[in-house]
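Please look over the sequence and the fold shown below before reading on.

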Amino acid sequence: MRVDIVTIFPDYLSPLELSLVGRARARGILDVHLHDLRQWADDVHRSVDDAPYGGGPGMVMRPQPWWAALTEIRALGAADGRRPRIVVPTPVGRPFTQAYAADLADVPWLVFCCGRYEGIDARVIDEWADDEISIGDYVLAGGEVATLVILEAVTRLLPGVVGNAESVTDDSFTDGLLEAPVYTRPAVWGDREVPAVLRSGDHAAIGRWRRAEALRRTAQRRPDLLARQDQAAADDGSGGA
Ligand SMILES: N#Cc1c(-c2ccc3ccn(Cc4ccncc4)c3c2)n[nH]c1N
């Protein structure tokens, strides 16, 4: 997978040199290219923002640098007919979910547009954006953190990245439920003991315990996920969660 990231703060993306994503890059599974938007700004001051039409607080990112940047980046694929999927993190985007991550993990070339200020001129979004994604119902100061979140969730799903493929399929949300609690040694920590079933070696019982715990946790913390499961079950005629 090739990933191009356009930002006025390239250093904000330095975590992509570390850990899971860093290892995927070192192994050639991921090919990340960072671009400073200012290199495309057409004025001597390299300006990327201007006052909003209609007034209001803050500044808006000018269309010209983005248009020039995306035109040049898209042209990289012209010779062999490749076209990138252009992703714009934004507070007004579609919610980012594990299913969305799985969708993006199948895309050979992603381009992330990291906005700042009050956002990017709407004409850029209208023309260029394939996906407008929000990572949650809170307000950030720009798209870089969201790009890191999205890219980590997508990279985990790329073949060969996570050693034990099962740990990806057993993820929270993959089956629509939150994961069961996890434990490791020692068996007793202070006055707390690991549930006996997990040390029983009875894999059927362990599976039942984990499913029950996942359902309990989901009902307690994310009843919306259960409702979604029940609706999906009703739609395909099978039993609920
Ligand atoms: N994904 C995502 C996001 C963002 C986000 C993303 C990109 C930009 C660019 C600029 N801003 C600042 C801003 C813009 C408009 N309104 C308020 C603040 C951003 C926020 N905030 N919250 C999320 N879940």
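## The nonpolar cores

A nonpolar core is a set of buried Ala, Val, Leu, Ile, Met, Phe, Trp, Tyr and Cys residues joined through side-chain atoms within 4.5 Å, where buried means under 20% relative accessible area, exposed over 50% and partly exposed in between, computed with a 1.4 Å probe on protein chains only. In this predicted model, local features need pLDDT of at least 70 and side-chain atom pairs pLDDT 80 or more, while totals for chains, interfaces and linings use all residues. Residues are numbered from 1 along each chain as its sequence is written, and side-chain values use heavy atoms, without hydrogens or water.

The largest nonpolar core holds 32 residues, and Val3, Ile5 and Phe96 have the most contacts inside it, a contact being heavy atoms within 4.5 Å. At least two residues each come from β1 (2–7), α1 (19–26), α3, β6 and α5 (144–155), and α5 gives the largest share, six residues. Apart from this core lies another, of 19 residues, including Trp66 and Ile125.

## An exposed position

Aspartate 106 sits in the loop between α3 (98–105) and β6 (109–113), and with a relative accessible area of 68% this residue is exposed. Leucine 157 is 51 residues away from aspartate 106 in sequence, yet their C-alpha atoms are 9.1 Å apart in space.

## The whole chain

The chain has eight helices and nine strands, which are DSSP runs numbered from the N terminus (helices H or I, at least four residues; strands E, at least two). Of its 241 residues, 41% are buried.
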